[in-house]
Amino acid sequence: MSVDLLPKLQRLLDSPGFKEKAQAFSSELVKSLLTEAETAGYSGSTDGSEEFNESDDDKGKGTSTSRRTLTRRDPLQGVHLGGSRKRKAEYGENGGKRRRSGDEDEREEEARDLETLLLSALSRIRNGNRGGPKARGSRRSIADLTDLRKQIISTSIHMQSSGLVLHTSGNVSIRVPSAPDLMLVTPTGMDYKALKPSDIVLMDFKGRPYNSGQRKPSSEWRFHGDIYLRRTDVKAIVHTHSTFCTTMSCLRQGIPAFHYMVGAAGGSTIRCAKYGTYGTQDLSDAAVEALKGRKACLLANHGMIAVGKDLKSALKLAEIVENLCEMYWRSLQATGGPVILDDKEMDIILKKFKSYGKQPKSCC
């Protein structure tokens with residue numbers, strides 16, 4: 001970044017109306033960067049590398065490839081700056097012609113992406129966070145999250161001791177109340193009983209860690225993040241491989257209204273999501289779809305997900321759904337199977353569930 005831009009940047013960070021001014025500033029800076037990159041013969045790649053076409057001076061000197069690639073970590077997390085004096089010195093003034101796609105729309109899209117990334121970086125600088133994603137709420141220190149981390153650990157241990165999970169299967173997460181675009185999630189492959197608060201991973205919904213040096217998150221972090229992104233009402237998520245939920249999911253059968261408690265999951269049925277390989281976007285998309293208008297769903301050939309306003313309610317629902325799956329499976333063993341409640345009755349049940357188990361605030 002040019003030295004003469006630094007005073008302007010400092011004034012911007014300290015001024016009111018920061019977001020609007022940052023938008024205008026980033027637009028101006030992106031145009032400057034792209035012009036500089038074109039002059040320097042730079043082509044930004046989306047995978048974090050910087051590519052230079054082979055110059056005429058390079059040809060015939062025994063180079064084995066048509067271009068050289070330099071990969072480095074960018075301090076603005078994906079905003080790739082080209083044409084710096086350092087690189088000009090390293091590659092020479094004839095650094096090669098910029099690779100062109102011939103598609104101006106693609107170049108404009110790249111400029112918009114750079115602008116968005118730069119705006120995010122500027123916001124993080126203003127909030128004193130140069131490493132991970134910007135939190136929308138007031139930033140909390142790691143110590144402030146200790147109680148939430150302990151809640152996740154106790155929930156995970158309870159799932160294990162109650163038989164909802166075996167060994168390290170399943171996972172738990174909670175949306176950070178003070179930063180609703182961040183979540184705390186269990187790490188992958190660790191014994192729940194051996195977890196320490198510092199083992200719980202703080203990250204955003206796209207899989208980016210908030211701090212460096214953290215544990216690797218659960219392989220299922222993706223559907224946790226996508227559910228939080230699409231469901232602002234969800235504050236906590238529990239994923240289990242409990243016996244009867246998994247049994248029904250392997251049959252790829254949802255749970256119909258054989259019992260009124262099915263309504264506890266938010267609808268007249270508990271759906272079974274389409275199959276997707278664990279840890280993939282396909283599984284996440286299927287889970288989000290199955291959870292529309294619901295608080296729980298089964299995952300085909302996998303297990304179940306329960307969501308709630310907090311960990312206590314999500315865990316309670318996971319136990320209810322496991323019990324419902326067991327009762328439904330047992331009722332299927334009888335000739336003819338269970339009698340299913342009709343939609344009219346379930347509409348009544350769902351209305352009653354809105355006040356089910358709630359005590360008046362003025363009581364006691």
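## Basis of the description

Helices (H or I, at least four residues) and strands (E, at least two) are DSSP runs, numbered from the N terminus. On this scheme Arg-252 lies in the loop between α7 and β8 (272–273), and Arg-252 has a positive phi of about 55° although it is not a glycine.

The model is predicted, so that local features need pLDDT of at least 70 and side-chain atom pairs count only at pLDDT 80 or more, whereas totals for chains, interfaces and linings use all residues. Residues are numbered from 1 along each chain as its sequence is written, and side-chain values use heavy atoms, with hydrogens and water left out.

His-167 is placed in the loop between α5 (146–161) and β4 (171–175). With a relative accessible area of 57%, His-167 is exposed, where exposed means over 50% relative accessible area, buried means under 20% and partly exposed lies in between (1.4 Å probe, protein chains only). The accessible areas themselves come from the Shrake-Rupley method with a 1.4 Å probe, and for residues only the protein chains shown count as cover.

## Salt bridges

Side chains of opposite charge can pair when their charged atoms come close. Under the rule applied here, a salt bridge is a side-chain nitrogen of Lys or Arg within 4 Å of a carboxyl oxygen of Asp or Glu, and the structure holds seven of these salt bridges. Lys-196, Asp-199 and Arg-215 are linked in a network of salt bridges. Asp-199 counts as buried, at 2% relative accessibility, while Lys-196 counts as partly exposed at 44%.

Arg-215 also forms a salt bridge with Asp-199, and here the closest N and O atoms are 2.9 Å apart. This pair links distant parts of the chain, with Arg-215 in the loop between β6 (201–204) and α6 (221–230) and Asp-199 in the loop between β5 (182–185) and β6, 16 residues apart. Arg-215 is partly exposed, at 41% relative accessibility. Another of the salt bridges joins the side chains of Glu-289 and Lys-292 at 3.0 Å, N to O; Glu-289 is partly exposed with a relative accessible area of 46%, and Lys-292 is partly exposed with 47%.

## Aromatic pairing

Rings of Phe, Tyr and Trp (its six-membered ring) pair if their centres lie within 6.5 Å, and planes under 30 degrees apart count as stacked, over 60 as edge-to-face and the rest as tilted. By this rule the count comes to three aromatic pairs. In one of them, the ring centres of Phe-244 and Trp-329 are 5.8 Å apart and the planes stand at 55°, so the pair is tilted. The pair links distant parts of the chain, since Phe-244 is in helix α7 (residues 243–250) and Trp-329 in helix α9 (residues 311–332), 85 residues apart. Phe-244 counts as buried at 16% relative accessibility, whereas Trp-329 is partly exposed, with a relative accessible area of 29%.

## Contacts around Ala-318

Val-238, found in strand β7, counts as buried at 0% relative accessibility, and Val-238 and Ala-318 are 7.2 Å apart in space, C-alpha to C-alpha, although 80 residues apart in sequence. Ser-242 lies in the loop between β7 (236–240) and α7 and is buried, with a relative accessible area of 1%. Between Ser-242 and Ala-318 the C-alpha to C-alpha distance is 8.9 Å, with 76 residues separating them in sequence.

## Charged surface patches

Patches are made of residues with over 30% relative accessible area and no salt bridge, like charges being joined within 9 Å and nonpolar side chains (Val, Leu, Ile, Met, Phe, Trp, Tyr) within 5 Å. Lys and Arg count as positive and Asp and Glu as negative, while His and the chain ends are not counted; the place of a charge is taken as NZ of Lys, CZ of Arg, CG of Asp or CD of Glu.

A positive surface patch is formed by Lys-295, Lys-309, Lys-312, Lys-316 and Lys-358. Of these, Lys-316 is placed in helix α9 and counts as exposed, at 54% relative accessibility. A negative surface patch is made up of Asp-342, Asp-343, Glu-345 and Asp-347. Glu-345 is in helix α10 (residues 343–353) and counts as partly exposed, at 30% relative accessibility.
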